[in-house]
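User: I'm new to reading protein models, and I'd like a close look at the charged side chains. Please start with the words I need, and show me the surroundings too.

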Amino acid sequence: MLAAPVLWRRVDMSLLSLQTVAFDFGRETILRDASLALHRGERCALVGANGTGKSTLLSLMAGDLQPQGGSVQKAGATKVVHLRQETVVGARLPGETIFDAVATEAFREELRLESELERIAVAIARADPGEMDVLAREQGELQAAYERREGYAWRSRLQATLAGLGLRESLWGLSPDALSGGERRRAALSAALLSGGNLLLLDEPTNHLDLDAREWLEARLPKLPAALVVVSHDRHFLDRVTTRTLNLSRGRLTSWSGNYSFYLRASAETRVREEATWRRQQERIARTEDYIQRNIAGQKTKQAQSRRKQLAREERLERPEHEARGFKFRLEPNRTSGSMALEIADLAKGFDGEALFSGLTLNVARGDRIGIIGPNGCGKSTLLSVLSGQSLPDRGRVALGHNVDLGYYDQHLLNVTDANTVLEELASVWPGATLGELRSFAGAFGFGADMIDRGVGRLSGGERGRLSLMRLIREGHNTLLLDEPTNHLDMQGREALESALEDFDGTLIVVSHDRRFLDRIAQRLIVFEQGDDGRMSTLVHLGNYSDLVTRRESAKTEAAAVATSERPKAAKPERARAEGPSKNEIRRLEARIAEAEVEIEALEAKKAELLARLSAPALEPEARLEISQRFTVAEDELNAKLAQWETWLDEISG
């Protein structure tokens with residue numbers, strides 16, 4: 001049996017507590033009698049639908065807003081660091097670099113101590129002998145304070161954090177004003193992590209982070225001594241980082257011990273149990289009222305009056321809130337494409353002499369689901385733009401198959417009209433829908449009743465992006481190119497979109513950093529990887545994101561095992577080294593080499609045959625997937641056999 005939600009636990013020495021806090025904006029209730037205690041080391045996810053007030057609650061915790069009822073209490077030594085969604089690092093002084101700006105924000109005390117130590121050093125160099133003792137004592141105190149703060153390590157910590165969050169070293173010397181909004185946001189996150197706060201309030205910290213940076217942050221946050229409250233729509237991130245989940249819904253704040261996935265299971269079970277308890281009470285009340293009504297004026301008047309008093313004293317349970325369910329919709333192509341959707345041959349594209357990708361060759365069959373992943377700025381969006389025909393390649397070609405109707409979602413080229421309202425924009429691509437269907441569909445993407453009649457020109461960038469995606473969904477394309485479609489969607493919106501894409505009969509190519517989305521949707525991945533020489537390359541991986549992680553971990557394990565086996569052995573006596581393998585050992589090795597050469601030849605022939613079958617344009621998606629899997633297995637077997645063959649040759653020659 002899963003645990004019921006804990007509304008509030010009073011524990012001594014909490015960093016911060018909310019006691020029956022109330023807050024609202026006009027008619028909209030954000031918090032109603034909310035109580036909560038946050039303790040050292042806790043890592044909490046704050047979840048709820050868009051618009052429920054999660055960011056407002058963080059501002060109340062930070063002291064940026066004052067409650068209209070109840071109180072927010074903070075322990076005296078608690079340092080709260082609040083990273084808002086809009087927080088970025090900006091230039092405050094002429095000539096200030098992004099490195100300097102983050103250092104000033106995160107290491108203000110260390111920089112002050114360094115300045116004081118420099119002042120003391122100058123003073124000592126000029127001091128009279130009578131002043132030396134006082135100055136030396138002051139220098140020692142400053143030096144001890146600097147060392148207690150590990151001042152000698154702050155630069156390396158800052159460098160590691162900037163690099164971990166995807167800010168390349170080449171950017172550190174630039175002014176914040178020369179960087180993109182996403183880069184300045186990552187700098188702000190770096191400052192928050194390095195600030196030394198006891199309580200970190202992070203609002204959408206994974207925005208603008210690529211997969212490598214998200215995984216770095218997931219590994220970093222549990223190591224911090226600070227307590228954490230984080231708002232994020234990245235479900236994989238929440239599961240990896242948090243150990244407690246706070247749910248905000250209709251003004252009510254509840255707490256669950258466990259990560260986001262546990263919260264989903266536990267809250268569903270608790271809701272069923274509370275609904276059953278409420279129904280039993282309602283049935284008992286109905287029976288009691290019926291008894292009172294039948295007997296209040298008869299022979300059992302006293303019993304009826306007694307039951308009436310008992311009923312009046314009984315505390316009535318509130319009916320549990322029904323789980324908010326995402327709107328279900330279907331992606332229905334207006335026509336079916338041919339068996340081959342796209343043919344990509346030797347595709348290359350670059351800017352300013354720097355190649356983003358080259359030599360990309362791929363056949364995309366009808367029904368294929370391909371994810372594109374890689375670091376920020378590597379060329380993922382550019383690849384989609386080339387595939388859509390919006391940009392021309394430097395080399396190679398993209399050929400659309402028969403009857404392909406291409407739909408392209410680009411967050412920067414939004415296909416919405418400012419003069420329309422949200423409702424009018426949806427109705428223009430869904431003319432047969434009822435008003436209820438339009439409202440439900442809009443609600444699934446975060447457009448509540450108060451926004452349905454809002455003009456498109458008044459929407460934020462994220463809202464325009466969601467509306468553009470909704471239009472694309474209703475336009476009936478059979479091949480979709482989507483660039484970060486889950487950005488700006490809450491949990492329910494993401495799950496609704498995932499369900500629709502799972503049932504989609506067409507072809508899908510999508511850029512995404514949402515790992516749970518990629519696991520659920522993608523069957524193949526185009527992976528952008530940066531080599532040791534700094535150059536970007538692309539490879540095609542068969543499987544979803546978790547399959548890729550497993551394969552990479554296996555490769556690391558194998559490489560470590562090979563490295564261990566190849567470590568220099570203890571030096572043997574000179575005579576033994578000179579002798580080498582015995583004649584019998586050489587004969588056995590030669591036999592193994594001969595067998596391996598036969599197997600290698602067979603595997604190479606098998607690879608060639610499978611590759612020829614894969615190039616057939618009429619191949620069905622199911623058959624293509626099965627052949628691709630066999631090709632990958634054959635390739636792995638061939639590589640392993642070649643490694644064995646080389647090892648045996650080395651043993652003979654050694």
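Analyst: Let's begin with a word we will need throughout: a residue counts as buried when its relative accessible area is under 20%, as exposed when it is over 50%, and as partly exposed in between. Please keep in mind that this is a predicted model.

Just after α1 comes Gly63, with a positive phi of about 85 degrees.

Now step back to see the whole. The protein chain has 654 residues, and 44% of them are buried. Its secondary structure comes to 20 helices and 18 strands, and the C-alpha trace spans about 115 × 95 × 60 Å along its principal axes. If you look at contacts between residues at least 6 apart in sequence, 69% of them join residues at least 24 apart. The accessible surface comes to about 34100 Å², with 49% of this area belonging to carbon and sulfur atoms.

With that in place, on to the charges. The chain carries 89 positive and 97 negative side chains, and the centres of these two sets lie 8 Å apart. Side chains of opposite charge can pair when their charged atoms come close. Such a pair counts as a salt bridge when a side-chain nitrogen of Lys or Arg is within 4 Å of a carboxyl oxygen of Asp or Glu. By this rule the model has 33 salt bridges.

Let's visit one of them, between Arg515 and Glu218, where the closest N and O atoms are 2.5 Å apart. Arg515 belongs to helix α16 (residues 515-521) and Glu218 to helix α7 (residues 211-220), so this bridge ties together parts that are 297 residues apart in sequence. Both partners, Arg515 and Glu218, are buried.

Asp514 takes part in a salt bridge as well, meeting Arg235 at 3.2 Å, N to O. Asp514 sits in the loop between β16 and α16, and Arg235 in helix α8 (residues 235-241), so parts 279 residues apart in sequence are tied together here. Arg235 and Asp514 are both buried too.

For another setting, look at Glu105 and Arg92, whose side chains form a salt bridge of 3.1 Å, N to O. Glu105 is in helix α2 (residues 98-106), while Arg92 is in the loop between β5 (80-83) and α2, 13 residues apart. Glu105 counts as partly exposed because its relative accessibility is 40%, and Arg92 is partly exposed at 44%.

On the surface, Glu585, Glu646, Asp650 and Glu651 form a patch of negative charge. Helix α20 (residues 621-653) gives the largest share of this patch, 3 residues. Asp650 lies in α20, and this residue is exposed, with a relative accessible area of 51%.

Two more negative residues deserve a stop, this time for their backbone. Most residues other than glycine have a negative phi. Glu150, however, has a phi near 55 degrees, a positive value. Glu150 is in the loop between α4 (132-148) and α5 (154-164), and is exposed, with a relative accessible area of 51%. Glu484 also has a positive phi, near 50 degrees, and is found in the loop between β15 (479-483) and α15. Yet Glu484 counts as buried, at 8% relative accessibility.

Phe504 is in the loop between α15 (491-502) and β16 (507-511). Phe504 is buried, because its relative accessible area is 3%. Leaving aside neighbours within four places in sequence, the residues in contact with Phe504 include Leu331, Pro333, Arg369 and His477.

Methods. Residues numbered from 1 in each chain as written. Predicted model: local features only at pLDDT ≥ 70, side-chain atom pairs only at ≥ 80, totals over all residues. Heavy atoms only, no water. Helix = DSSP H or I, 4+ residues; strand = E, 2+ residues; numbered from the N terminus. Buried < 20%, exposed > 50% of the residue type's maximum accessible area, 1.4 Å probe, protein only. Contact = heavy atoms within 4.5 Å. Areas by Shrake-Rupley, 256 points an atom, 1.4 Å probe, with all protein chains shown as cover. Lys, Arg positive; Asp, Glu negative; His and termini not counted. Charge placed at Lys NZ, Arg CZ, Asp CG, Glu CD. Patch = residues over 30% accessible without salt bridge, like charges linked within 9 Å, V, L, I, M, F, W, Y side chains within 5 Å.
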